[in-house]
Amino acid sequence: MLRSSHLVALTAIALLMIGVVMVNSATMAVTPVAADATIATSGVSITSVLFGRTTIYMLIAVMGMLICWRLPVRELARRAHAVSVPSHQIQRGLFSTEFKTIAFAAAFFIFLLGLAYVPGLQRVVNGSHRWIQLPIPGLGDALSVQPSEIAKWGMVILLAWFATRRAQVMHRFLPGLLPALVVLGLVCIAVVAADLGTGFLIFCAGCILLIAAGARIWHFLAFIPLGAMALLAAIMMSPYRVARITAFLDPYADPKGTGYHMIQSMLAVMNGEGFGRGLGFGIQKFGYLPEDQTDFIFAIICEELGIGGAFVVASLFGALIWFGIGIVRREKDGFLQLVALGIITTIAIQALINLAVVTGLGPTKGIALPLISNGGTGWLLTSMSLGLLMAIDRTQDQPLAEPELDTRPLVVG
Amino acid sequence: MNRVPSRRVSMIALICGGVATVGLMVMVARVAQLQLAPPEKLVATAKAQARVSQATQMGLRGDVLDRRGRVLSSTRIGYRVFVDPTLFPEPFEESVQKLAAAAQIEAAKIREPLKVAREKNAPVLVSMKAEEEARKKERRELTPVGLGKMVLAELKGDEVNPGEGQNSESDKPKLDKYVPIGRGGEVLSDAAAEAVRALKMKGVALERHQVREYPGGAEVAPIAGLVDWDNKGVMGAELKLNKDLAGKDGGVKYVRDALGRPLWIESSNVREPDHGDAVRLTIDLEVQRMVTEVLRRGAEECDAQGARCVVVDTQTGEVLALVDVVRPMTGLHDFPYEDKDAPVGPKVEIPERRYRLTQVPPGSESDAFLARNRCVEDVYEPGSTFKPFVWSTITELGLAQPSEVFNTHGGHWITPVGRPIDDVKELNKQTWAEVLINSSNIGMIQAGQRLTYNQMNEMARRFGFGSRTNVGLPGETAGIVTPIQYWTNFSQVSVSYGHEIAVTPVQMARAFAAFCRSGDLAGTIVPLRLTVPELDTTGEPGQSVVTRVLPADVANYTRDVMGLVAENMEAKIKVKPPSNRVGAQKSSEAADVPQWRYSIFGKSGTAKASPLPPFGKRKPKGAPAYFQHQYNSSFIAGGPLENPRIVCIVVVDDPGPKRIATKTHYGSATAGPLVREIMENTLTYLGVPPSPSKVETMRANVPILNARSLAKPSGGGN
């Protein structure tokens, strides 16, 4: 019988395949064939697509998804003591089990993010420290990861765990919301230093997760001024973000400078003229639209495949989200339910931000379209998190394990 | 049991799903909006940033060919250097020297235009730099404080428009980034082009340029003409036929990548270059060359200032050769022409000297292209060569019979208008036929009096005098025929023997063709042409409209009479060709009287030359109507006699004083032998069968009174 997990897998693989095709299309470039003659050579053929790097990345991603699918998530959740602690047993203060655990994990994420600034490990792209490159000779940038990606999915699990443990007090500010918010805030700030978009994404997904776990909305409302100030500060700390914001408000003021990305992206979308120019026949990818394989891949999809292509991609995301929501609603285990919700909201928010940026509805942020934008780390981790979602669905029929309450410290003594 | 408030999570999940779905729908709608109804600003940007480039494909100028397809003018691709002064490497002088050495161009020719461009660019570069600075500053101001200031300014209502600089894009002075080196013929040799390419100097590039070459050489230069740097005809056939010859550039519009490299061609964006048509002239390079040679020699022998010749195919009106030879001479005097605008001065005493008759444009001695086409541009008085037209018209009208005897008063007479007139042959009585053969002025004037003024005037116009031949060369003159309202008996008398009328050699050739066409077409004239006619749909050359000027029998009869004129002329030629006439007797008698291959007919003429003021000048007051001892001696002939194919006229301009002293300056003695030789060579070259042995039947037709009218029979029978 076709289960939600199967549908999720099919949708995800469909999106990945669109990604492979479109990334290959966007890779097309003019290659000089002779010393003094330049003609357009596609460099893209069936073989180059089938045996190219993107296909290998996709296969790795699918394998990661399948592995995660088979994970005994319930057993793992039991081992992680992801159960609600009765309110009278909840420890208070900085040295409580829950806080120590999430603080330690957050510190680990921040450490990873910091590695991107270490010479020898860092890989600086366009002036931002988003990548760690394992210095293994001969592999080039094949083994480079984005720590923010790890933090993104890690925070989902971490917050879900915390919220589950403190489910009884989540509606209270001090023992419930504040520790989670502090950790979330710190990680987000660390991420924002290099990648505003992802930081914003982690923060939004985290907040939704905490609200779902029982946090009071008015507690968040009280934080809005603070958050806004933090956002403003982050924007103002680096002038290029200001430029991006002003460019969003009027990209035509400086069409060759700050407004360039946005105008070129919208031009690419416009070029589709309804039916699209045809697969491979986009113009903007030939050096006009920067980051056409990653953040702006959707513009190329619109240009080459038209409204139909955009509709298919949006529908697949919609389907993915609703299949995921189905799993969330059927789930009885609180921890797994929150994890599933976190995964779905993260993907949904990321996709929406990306589409908004590409179509000129939001300021340029540098955030990838999940499962489609070129990027091994992104594909692998997104697929793996979807694998987790599928694993949750796979094991929903299994009898619930007898809950086991253990208040011993989990990680550190 | 592990129970979190699962209903709350479900709720939030549903809300998230709903919001996400709406969001995705908004995105698709936005895509649809951008694709189907994009905002105007975006469309404008797309238009401004067209991803399309054009590659030009040269439309080559057509070749000019002679009638047999020999190339007179052709086009090849050459290379020219152009420089982007903003990229030209420093130090300036060193780079200039390097480029000059490679391109084999004088350094100054590179330095000067570059300097001009650099000076022009300097202020633009400064303002561009300032603008860039301003933009950077603006960006720096977008800090919190700067932003705050901007917001404050906005609130106060001050105008702060960061994008102001972009609005006046089109008004800005543009950088000069294209400086061609050497306008006017500085096309590199292949080796130099290769050397420049090898330099790989920044900002230096080669562009293709069409270079016109003239393999036809100096003989046809004034006819084939010349093009300017932009390959537009400026002289000769190149100018007249520019429309046919000119090519139109084609091009391909292609989509390019951000670096300008071609990607692909969008459909319907290919325009084939339109190469110009090759034009075949009727000129035969070989005949032209031969005629030039003969004229040069002839002018030298006669000590003449120059000579002109036109050879026309009388069947089609095609001009086979059109040669103008000007002999470089010293010791000639320039006639004191006055400026047209100068006030009329007192009467000037003009001394009798040998004046320069030919107008030589400056530089034409070294550059044949600059020479005038005197065959179409300069007029002369035809003198006796005009008599056949008058004679045949009077005969046609029945006003004189060939056998009618005229009293020619021993060669000295006073004309009805009171002028004394002499004949060369001093005879008392001559038949009307003899009047033409002996070129009797007295006889012609007497007969001319029988015509009305109208008839005489109309005769000249009918034969095409006073109107251009439109042969296809620029600068052609129509000649001068006195208009009928000014026609007096002076005109009547003068025109009778070819004076008071100004003609060009091409007009003479056209008119004389009336006697050079056979059968029904005899007596008709055909328009001259310089290009080979296009084949019509049936594959036949298009027919020209012919004009009848005489009845065929009169034309043929006049031709027969002129055959005797030619015989007389031939008798005077000292050097004769070896006989190769078909049927010629190889007797010992005939051996010392060698014969010509072709019989011809013709008429000589000698007329005093008159001053022809050049453009913008006029004759001074008191200037004589004619130069006293300077003549235009001409001979016009058709041949072969039995079935004419070509007409040839030679005008010898001003045979030298020695010739005049020995009375050998007449047309039959100067131009005649040249015509004879040209006819012989041309007809042989054209492969015309030789004339049969001369028979007496023709002479029997022509009533002769005086034995002196005939040359000693030159072989052939008795």
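Modeller: The model is a predicted one.

Biologist: Which elements and residues of chain B form its side of the contact?

Modeller: At least two residues each come from helices H1 (6-36), H2 (40-48), H4 (107-141) and H5 (144-156) and from strands S8 (250-256) and S9 (262-271) of chain B. H1(B) gives the most, with 23 residues. By class, this side of chain B has 28 nonpolar, twelve polar and eleven charged residues. In total, the contact takes 51 residues from chain B and 72 residues from chain A.

Biologist: How many salt bridges does the structure hold over all chains?

Modeller: Over all chains there are 39 salt bridges. One pairs the side chains of B:Asp284 and B:Arg68, at 3.4 Å from N to O.

Biologist: Why is the pair of B:Asp284 and B:Arg68 called a salt bridge?

Modeller: Side chains of opposite charge can pair when their charged atoms come close. The cut-off is 4 Å between a side-chain nitrogen of Lys or Arg and a carboxyl oxygen of Asp or Glu. B:Arg68 and B:Asp284 stand at 3.4 Å, N to O, so the pair meets the rule. B:Asp284 lies in the loop between strand S10 (279-280) and helix H11 (285-302) of chain B, and B:Arg68 in the loop between strand S2 (64-65) and strand S3 (71-83), so the pair ties together parts that are 216 residues apart in sequence.

Biologist: How many cavities of 30 Å³ or more does a search of the whole structure find?

Modeller: The search finds four. The second largest cavity holds about 60 Å³ of space.

Biologist: Why is that space called a cavity, and which residues line it?

Modeller: Rolling a probe the size of a water molecule over the atoms shows where empty space is left. The space is called a cavity because a 1.4 Å probe fits there but cannot get out. Among the residues that line the second largest cavity are A:Leu113, A:Tyr117, A:His129, A:Arg130 and A:Asp195. Strand S4 (128-133), helix H6 (147-165) and helix H7 (173-192) of chain A each supply at least two residues of this lining. Its classes are seven nonpolar, two polar and two charged residues.

Biologist: What is the volume of the second largest pocket, and which residues are the closest to its centre?

Modeller: Its volume is about 1,300 Å³. Of the 45 residues that line this pocket, B:Asp422, B:Val424, B:Asn441, B:Thr606 and B:Tyr666 are the closest to its centre. S22(B) gives the largest share of the lining, six residues. By class, the lining has 18 nonpolar, 17 polar and ten charged residues.

Biologist: Which features of the backbone deserve attention?

Modeller: Most residues other than glycine have a negative phi, and most peptide bonds are trans. A cis peptide bond joins B:Glu90 and B:Pro91, with omega about -5 degrees. B:Pro91 lies in the loop between S3 and helix H3 (92-103) of chain B. The bond from B:Gly639 to B:Pro640 is also cis, with omega near -10 degrees. In chain A, A:His81 has a positive phi of about 55 degrees although it is not a glycine. A:His81 lies in the loop between helix H4 (73-79) and helix H5 (97-115) of chain A.

How values were computed: Residues numbered from 1 in each chain as written. Chains lettered and ligands numbered in written order. Predicted model: local features only at pLDDT ≥ 70, side-chain atom pairs only at ≥ 80, totals over all residues. Heavy atoms only, no water. 1 Å grid on protein atoms, 1.4 Å probe; cavity = no way out; pocket = protein on both sides within 12 Å on 5 of 7 lines; lining within 4 Å. Points joined across faces, edges and corners; volume = space filled by probe spheres on them. Helix = DSSP H or I, 4+ residues; strand = E, 2+ residues; numbered from the N terminus. Nonpolar A, V, L, I, M, F, W, Y, C, P; charged D, E, K, R; others polar. Contact = heavy atoms within 4.5 Å.
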